[in-house]
Amino acid sequence: MSNSAYATVQDVMTLSGKTFTADEQTRIDALLPLVSDALRYEAIKVGRDLDQMITDEETGAYGNVVKTVTVDVILRIMRQSFDGDPMSQESQSGL
């Protein structure tokens with residue numbers, strides 16, 4: 001099993017089309033191995049080795065999919081606000 005991240009800080013910036021401050025880049029760099037390991041763990045839970053699946057796939061498409069998922073999760077985490085009230089959801093009906 002590999003301990004490398006499925007994406008890089010540069011991948012996050014390129015695929016998102018955004019630039020990040022040095023502090024944000026440091027945070028992204030810290031999150032990348034955590035998110036990658038979370039994906040590995042989820043694959044292990046269903047009896048799969050994600051790293052081996054990426055290696056075995058000949059076109060590289062599966063690796064790109066995993067990279068895209070990793071970047072998406074990182075961007076979702078980066079969008080979360082840690083200042084103020086936590087996000088809540090409300091539903092209303094017209095009755």
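Predicted model: local features only at pLDDT ≥ 70, side-chain atom pairs only at ≥ 80, totals over all residues.
Local features require pLDDT of at least 70 and side-chain atom pairs pLDDT 80 or more, while totals for chains, interfaces and linings use all residues. Residues are numbered from 1 along each chain as its sequence is written, and side-chain values use heavy atoms, with hydrogens and water left out.

Helices are considered before side-chain pairs. Helices (H or I, at least four residues) are DSSP runs, numbered from the N terminus. Helix H1 spans residues 9-16. Its buried residues are Val-9, Asp-11, Val-12 and Met-13. Buried denotes under 20% relative accessible area, exposed over 50%, and partly exposed the range in between (1.4 Å probe, protein chains only). The cover over the buried residues of H1 includes H2 and H4. Gly-17 follows H1 and has a positive phi, near 75 degrees.

H1 packs on H2 at an angle of about 110 degrees, and the axes are 9 Å apart. Axes are lines fitted to C-alpha atoms, for helices over the stretch in contact; angles run from 0 to 180 degrees between N-to-C directions. H1 is therefore roughly perpendicular to H2. The classes are roughly parallel (under 35 degrees), roughly antiparallel (over 145), roughly perpendicular (65 to 115) and oblique (the rest). On the H1 side, the contact is made by Val-9, Val-12 and Met-13. Their partners in H2 are Gln-25, Ile-28, Asp-29 and Leu-32. Contact means heavy atoms within 4.5 Å. The residues of this contact comprise five nonpolar, one polar and one charged. Here Ala, Val, Leu, Ile, Met, Phe, Trp, Tyr, Cys and Pro count as nonpolar; Asp, Glu, Lys and Arg count as charged; the others, Gly among them, count as polar.

H2 also meets H4. The two axes come within 9 Å and cross at roughly 130 degrees. This angle makes H2 oblique to H4. H2 contributes Glu-24, Arg-27, Ile-28, Leu-31, Leu-32, Val-35, Ser-36 and Leu-39. H4 contributes Val-66, Val-69, Thr-70, Val-73, Ile-74, Ile-77 and Met-78. Eleven of these contact residues are nonpolar, two polar and two charged.

Ser-36 lies in H2 and is buried, with a relative accessible area of 0%. Leaving aside residues up to four places away in sequence, Ser-36 touches Ser-4, Ala-5, Tyr-6 and Thr-70.

The model has five salt bridges. A salt bridge is a side-chain nitrogen of Lys or Arg within 4 Å of a carboxyl oxygen of Asp or Glu. Arg-40 pairs with Asp-37 at 2.9 Å, N to O. These residues are three apart in helix H2 (residues 22-45), about one helical turn. Arg-40 is buried at 3% relative accessible area, whereas Asp-37 is partly exposed at 36%. Arg-40 also bridges to Asp-51, at 2.8 Å, N to O. Asp-51 lies in helix H3 (residues 50-56) and Arg-40 in H2, so this pair ties together parts that are eleven residues apart in sequence. Both Asp-51 and Arg-40 are buried.

Another bridge joins Asp-72 and Arg-76, at 2.9 Å, N to O. The two residues are four apart in helix H4 (residues 61-79), about one helical turn. Asp-72 is partly exposed, at 34% relative accessibility. Through shared partners, salt bridges join Asp-37, Arg-40 and Asp-51 into one network.
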